[in-house]
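User: Please take a close look at one part of this model and at what surrounds it. I would like one connected account, with the cut-offs behind each term.

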Amino acid sequence: MNQEEISDILSRFNIQNISSFELLSGGSENTNYLIQSDQGKYVLCICEQKTVEKAIELTELLQHLAKNHFNTSRPIQTIDSEPITIWNGKPIILKAYIEGKLEKDLSPHVLK
């Protein structure tokens, strides 16, 4: 993706003045970009394999978890109060970025 495409998508969420974006590694079903703007950091999630219905279901789950004080990425609604937008036929989810790092090899003790 280029700056123009990113800006077009983010304008649907009223996010402007993008200072940087970078492809994040680790997604198996999604393509994720870390976005930095004047308004904060976000993860732009392009759902490569999810249907529109499954993408909306995921945003509803994340909203439910956030409402119930579970530390999760909070989905951002579009300017039309929609949970997702569509770009090139694919559902797009925008989430608030949570600082941290990915842990790859978790021990059974940590998982428990």
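Analyst: Two strands are taken to pair if DSSP finds at least two bridges between them. Strands are DSSP runs of E with at least two residues, helices are runs of H or I with at least four, and both are numbered from the N terminus. The model is predicted, with local features requiring pLDDT of at least 70 and side-chain atom pairs pLDDT 80 or more, while totals for chains, interfaces and linings use all residues. Residues are numbered from 1 along each chain as its sequence is written, and side-chain values use heavy atoms, without hydrogens and water.

Buried stands for under 20% relative accessible area, exposed for over 50%, and partly exposed for the range between (1.4 Å probe, protein chains only).

Which strands pair with β6? Strand β3 (residues 40-47) runs antiparallel to β6 and is joined to β6 by 5 bridges; within this pairing, L44 is bridged to L94. Strand β4 (residues 75-76) is also antiparallel to β6, with 2 bridges, and here P75 has K95 as its partner. The β5 and β6 strands make a hairpin with 2 residues between them, and N88 in the turn has a positive phi of about 50 degrees.

I92 lies in β6 and is buried, at 0% relative accessibility. Contact here means heavy atoms within 4.5 Å. With neighbours up to four places away in sequence set aside, I92 is in contact with I9, F13, L44, C45, I46, I84, T85 and W87. One of these, I46, is 46 residues from I92 in sequence, yet their C-alpha atoms are 4.8 Å apart. L94, counted with the same exclusion of residues up to four places away, touches L10, F13, I15, Y42, V43, L44, R74, P75 and I76.

Both residues belong to a nonpolar core, that is, a set of buried Ala, Val, Leu, Ile, Met, Phe, Trp, Tyr and Cys residues joined through side-chain atoms within 4.5 Å. The largest core has 16 residues, and the members touching the most others are I6, L10, F13, I35, L44, I92 and L94. At least two residues of this core come from each of α1 (3-11), β2 (30-37), β3 and β6. A separate second core holds 5 residues, including C45, C47, A55 and I84.

Leaving out residues up to four places away in sequence, T59 touches P75, P83, I84 and I93. K54 and E57 also lie in α2, 3 residues apart, or about one turn of the helix. Their side chains form a salt bridge with an N to O distance of 3.8 Å, the term being used for a side-chain nitrogen of Lys or Arg within 4 Å of a carboxyl oxygen of Asp or Glu. K54 is partly exposed at 46%, and E57 is likewise partly exposed at 47%.

How many salt bridges does the structure hold? There are 5. Another of them joins K41 and E99, with the closest N and O atoms 3.0 Å apart. K41 is in strand β3 and E99 in the loop between β6 and α3, so this pair ties together parts that are 58 residues apart in sequence. K41 is partly exposed, at 32% relative accessibility, whereas E99 is exposed, at 57%. D8 and R12 form a salt bridge too, at 3.1 Å from N to O; D8 is partly exposed at 35% and R12 is partly exposed at 23%.

Helix α3 covers residues 108-111 and contains L111, which is exposed with a relative accessible area of 59%.
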